[in-house]
Amino acid sequence: MQVIDFRFRPNTAETLNGIQNSKMFKGLCQSIDFSKMKPQSVEEVVKDLDRHNVTLAVIAGRDCETTYGAQSNNDSVIDFVTKFPQKFKGFVGLDPHKAMGAIEYLKASINELGMHGAAVDPYLAQIYANDAKYYPIYSKCCELDIPLVFTTGPATLVPNAIIDHVAPRYIDIVARDFPELKIIISHGGYPWVNEAIIVAQRNQNVFIELSEYEFSPMSEAYVQAANSMISDKILYASAHPFVDFRDALKTYQSLPFEQHVRENIMYNNAANLLGLAPLNLHTPLTKTPVSKDESVHDLVTDIVNEVLIRLEK
């Protein structure tokens with residue numbers, strides 16, 4: 001099965017050193033023995049992705065210079081995308097405190113530098129997701145017709161971070177105010193599992209990726225929701241190099257998703273969001289109007305496919 005990984009960073013020496021020595025993530029890296037991840041060249045990373053049928057990976061940048069004094073890693077993301085545009089989609093990281101400077105940088109990144117989306121980190125910006133400082137960014141993303149990733153999660157051992165800043169209820173307000181904005185909630189909105197599920201279910205423009213929290217307490221609700229409520233809203237993401245993407249692939253093979261749901265999660269939902277052609281599904285993501293004869297034919301096809309699915313089980 002082909003795979004799109006919606007949260008990935010190549011484990012180059014520069015990337016690994018930047019993460020584990022950063023003011024934001026140094027404590028987290030020490031707690032999870034991040035040093036065990038060995039560096040590779042980006043060429044080696046791409047070969048490994050190819051070997052595991054990962055046809056595309058989204059790399060999100062980060063900019064929290066105002067609050068943490070850390071240099072943005074956007075240049076490295078742009079470099080990865082420039083070298084391997086068929087393998088990587090870059091999302092530019094934005095600092096809302098830079099005001100119109102962030103907007104101008106966003107425009108240039110999309111129109112001139114080959115980036116395909118944007119990413120924000122409210123707990124690193126130390127403001128809520130629905131803070132007015134973010135609204136020009138959201139508006140520009142709508143104008144550019146690009147998706148936006150919200151980095152959420154517990155912000156474990158991140159100095160001065162407040163996890164309430166990324167609670168899904170505030171992203172829900174953004175989704176209401178910007179219905180054209182394509183929103184991805186990273187890390188499952190954990191620990192607000194049920195809240196994140198409902199925000200995705202009730203807003204047509206909200207998606208979730210679950211990276212790092214697939215086996216955390218309450219995470220079984222993600223699988224239940226995928227199989228029953230939001231099969232078209234969950235995206236596969238590894239969070240490599242925090243989680244080795246090879247281990248993440250094994251995780252998603254072990255989770256009890258229905259087969260057509262697994263296909264959606266591993267590829268089709270992301271393809272739909274990125275404007276790419278989906279794989280051949282048992283259950284299509286969308287249906288276009290058809291004639292009466294075509295409807296009968298489709299009904300028979302659906303019945304046959306359902307029988308095949310049950311036989312596979």
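Visitor: Where is the place of E104?

Guide: You'll find E104 in helix α6, residues 100-111. A helix here is a DSSP run of H or I with at least four residues, a strand is a run of E with at least two, and both are numbered from the N terminus. This is a predicted model: local features need pLDDT of at least 70, side-chain atom pairs count only at pLDDT 80 or more, and totals for chains, interfaces and linings use all residues.

Visitor: Why is E104 called partly exposed?

Guide: Its relative accessibility is 42%. Buried means under 20% relative accessible area, exposed means over 50%, and partly exposed is in between (1.4 Å probe, protein chains only). The 42% of E104 falls in the middle band, so partly exposed is the label.

Visitor: Why does D145 count as exposed?

Guide: D145 has 52% relative accessibility, and that puts it on the exposed side. This residue sits in the loop between α8 (135-144) and β5 (147-150).

Visitor: What is the phi of D145?

Guide: Near 55°, a positive value in a residue other than glycine. Most residues other than glycine have a negative phi, and most peptide bonds are trans. A155 also has a positive phi, about 55°, and is not a glycine. A155 lies in the loop between β5 and α9 (168-177), and its relative accessible area of 12% makes it buried.

Visitor: Which peptide bond is cis at P191?

Guide: The one joining Y190 and P191, with omega about 10°. P191 is in the loop between β6 and α10. Another cis bond joins H240 and P241, with omega about 15°, and P241 is in the loop between β8 (234-235) and α12 (245-254).

Visitor: Why is H187 called buried?

Guide: Its relative accessible area is 7%, so it lands in the buried class. H187 is in the loop between β6 (182-185) and α10 (193-202).

Visitor: What makes the pair H187 and S211 a polar contact?

Guide: A polar contact is a pair of N or O atoms within 3.5 Å; within protein, one must be able to donate a hydrogen and the other to accept it, and residues adjacent in sequence count only if both atoms are side-chain atoms. The side chains of H187 and S211 come to 2.9 Å, so the pair passes the cut-off.

Visitor: How do you know that the buried residues of α1 line one face?

Guide: The buried ones are T15, L16 and I19. Seen down the axis of α1, they fall within an arc of 95°, so they line one face of the helix. The arc is that of the directions from the helix axis to the C-beta atoms. These residues pack against α2 (26-31) and α5, where contact means heavy atoms within 4.5 Å.

Visitor: What makes a space a pocket or a cavity?

Guide: On a 1 Å grid over the protein atoms alone, a cavity is a set of points where a 1.4 Å probe fits but cannot get out, while a pocket is an open set with protein on both sides within 12 Å along at least five of seven lines; lining residues have an atom within 4 Å of a point. Points are joined across faces, edges and corners, and a volume is the space filled by probe spheres set on them. The largest pocket has a volume of about 510 Å³. Of its 23 lining residues, the closest to the centre are G18, I19, Q71, S72 and N73. Both α1 (13-20) and α5 (74-83) supply at least two lining residues.

Visitor: How many cavities of 30 Å³ or more are there?

Guide: One. The largest cavity holds about 40 Å³ of space, and D63, C64 and Y134 are among its lining residues.

Conventions:
Residues numbered from 1 in each chain as written. Heavy atoms only, no water.
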